[in-house]
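Here are my notes on the model, point by point. Please read them with the structure open.

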Amino acid sequence: MRRVRAPIWLVLVLAFAGLVVITAAIVGARLYSAAFRSTVDLVSEIGDTRLSATTDALRTELRPAEESSRFLADYILSGRVSIQDDRRIEDLLLGSLAASPQVIAVAFIRSDLYAVAAARNSGGERFSVSAGSVLDNALFRLAYRSGAAMHEPDWGEPIYAPGLKISGLPLLAPLRRDGEVIGVIATLISVPEFARHVLTRTGANGDAFVLLDDGSVLVHPMLAQGDFPGTVDNPLPKARELGDPILNGFQIGGGDDVRLHRGQKLDFSMQQAEVNGVQRLYLFRKVDLMGSRPWTAVLSVTADALESQFENLRMALWVSLGVASLAVIGAIFLSRSISRPIHNFADAARRLSALDFETTQPMRRSWLLEFDMAAEAYNGMRAGLSWLSTYVPHTLVPALMQADSTEAFTSKEREITVFFTDIVGFTEISQRLRAPALARFLNRHFGIIGGVIGAEGGTIDKYIGDSVMAFWGAPAAQADHAERAARCALEIARLLGTDNARRSRKGLNPVRLRIGIHSGLALAGNIGARGRINYTLVGDTVNIAQRLEQFGKQIDDGKSDAVIVISDAVSDRLPVEIPQMPLGMHEVVSHAAPIALFQLAPAETGAESGTATGSSAEAPPTVEVPVAEVPMGEAPMAEATLPQG
């Protein structure tokens, strides 16, 4: 017989026919309460999103100058160029200008106040260079004195450069050798260009600006348009000098008006002011950049509509709470009868959101129609997620289930580490093994590699024949992505040596790997045709990692369980505990400049790195292959005998 199910609305109507009006009032109160929270959340979202965008834009625009200054300082201190060699230093400075469009001038000032400088020209020649004593130049003397007093590179006070006829923001980097300052690298960026680029990146339209702690305006539409000429005594305008009523409404140095938060904890501070008869909210946050004193990013939004909404919602809340209290007693009995299945459903959904399939059981069916439909939908979702977690990389499934996963997986350039593996001599192996044996061999091999990649927080991008491509640093940021990849490679080499020792005792040939690792920028995100996309990486970093794996052929001694080649971009990020062997500079296909390569030296495992035969040592543990890696319908895996030679 077909089970009888009643819709929950009918049960509630029959039980509370006399309380329809009260029920409607409660629903209204809940709606108003939700609207109240939504209004506060809207302010929080606007402030956090826009201010974060401004902060990111500031760092993005300043980073090229910081990196250029750091490179010049390291290069000169390395001794590869003499501080007396004006010609070589001029070439370095010109190269710095060409590589960093944000920089308009850069100079190396020696301790004897002799300077070599390069600058962009507004017309004629693209660049100009000069060298000579700057004892009589106040700006150069100030730059050297300020920079020599610093312990680390930092942004100095804004200046006006008469020769360039522009206000600039100087980055000063002291060069110390044996504790003595031998010179200062002074890098200058144009304030109007800087303001224009920051506003373009944030999409601000006169409602966002950046202030220094002395009240000077660093980013503002009028600065971006070049409306403030600047002078030696006044390189940047004060807020009052620009005549912007919105900017003037902000109290520079004023504190946070906590009354505006409405009890909500926000990641920024707020002020309120009336500007031309309109109430405005100022959302502001301190921005720390490279150790300098903090700047202040400010966003202005109109507050009248929000304030009236707050008042209406607060009144409606009190009225609704009074009406709701009358129905509490009548709701207790029915709520007890339906609370248990709701609790069970919430608990099961919570476990499922954590991809806990072992302790999560299918939901039982219910006589209430809506609960029965929910149980059916939940069971179908549970089955679907179980299959999804099998085919989609485990590191991506939790992120896909987040409410903001669309933004998280939008294609963007990220700092990542890419990892390629390839089995040595696999073509010959595949030709001699029959298909079932070859599949079992690959499943076991990928099980070893995949287990280590997962343990180090990496993401397997794809399997390419006998190769594996994996990466670290996306979609979630990992500050130690290079170190994770290096540890993963060494652990794979160790497990491979252990497994080869076991294979040796069984009379089987060893399995050997080449691994290439490279760190750098790559486009990461959802890429593909509509309806069939992959979260993957695109860029030169991926190509270089694969070239490094191929380069392993040139240094393969034919004995090591794994030949691991890394680039200098990876080597620079590794701790000293990870052993490396320099391989020198090498040309890499599709890359313009030679790259310094290194080889990771894994510890030997088993007898002779696990490749010798006839060992009497105790058999090492066998790595288990995850169930998801074994094709459905296959018989249990057996060892595949590799061809000799």
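**Notes on the predicted model**

1. Start with Ala493, which lies in helix α16 (residues 481-505). Helices here are DSSP runs of H or I with at least four residues, strands are E runs of at least two, and both are numbered from the N terminus. Ala493 is buried, at 4% relative accessible area (buried is under 20%, exposed over 50%, partly exposed in between, with a 1.4 Å probe and protein chains only). Leaving out neighbours within four places in sequence, Ala493 contacts Asp561, Ala562, Ile564 and Pro602 (contact means heavy atoms within 4.5 Å). Asp561 is 68 residues away along the chain, yet its C-alpha atom is 6.2 Å from that of Ala493.

2. On the basis of the model: it is predicted, local features need pLDDT of at least 70, side-chain atom pairs count only at pLDDT 80 or more, and totals for chains, interfaces and linings use all residues. Residues are numbered from 1 along each chain as its sequence is written, and side-chain values use heavy atoms, without hydrogens and water.

3. Helix α16 also packs against α15 (residues 435-455), at about 145 degrees and with the axes 9 Å apart. Axes are lines fitted to C-alpha atoms, for helices over the stretch in contact; angles run from 0 to 180 degrees between N-to-C directions. From α15 come Arg444, Ile448, Ile449, Val452 and Ile453; from α16 come Cys488, Glu491, Ile492, Leu495, Asp499 and Arg502.

4. Which residues are buried in α17? They are Thr541, Val542, Ile544, Ala545, Leu548, Glu549, Phe551 and Gly552. The length of α17 (residues 540-555) checks out: its 16 residues should span 22 Å at 1.5 Å a residue, and the end C-alpha atoms are 23 Å apart, which agrees. The expected span is 1.5 Å times one less than the number of residues.

5. Now the sheet. It is open, with 5 strands in the order β9-β8-β12-β11-β10 and antiparallel pairing (two strands pair if DSSP finds at least two bridges between them). β9 (217-219) and β10 (269-275) are the edge strands, each with a single partner, so one side of each has no neighbour in the sheet. The twist averages 35 degrees from one strand to the next. Helix α5 (residues 191-202) packs on the sheet and touches β8 (208-211), β9 and β12 (295-302); its direction is about 55 degrees from that of β9.

6. Last, Ser69 in helix α2 (residues 20-77). Ser69 counts as buried, at 1% relative accessibility. Not counting residues up to four places away in sequence, Ser69 touches Leu171, Ala173, Ile185 and Thr187.
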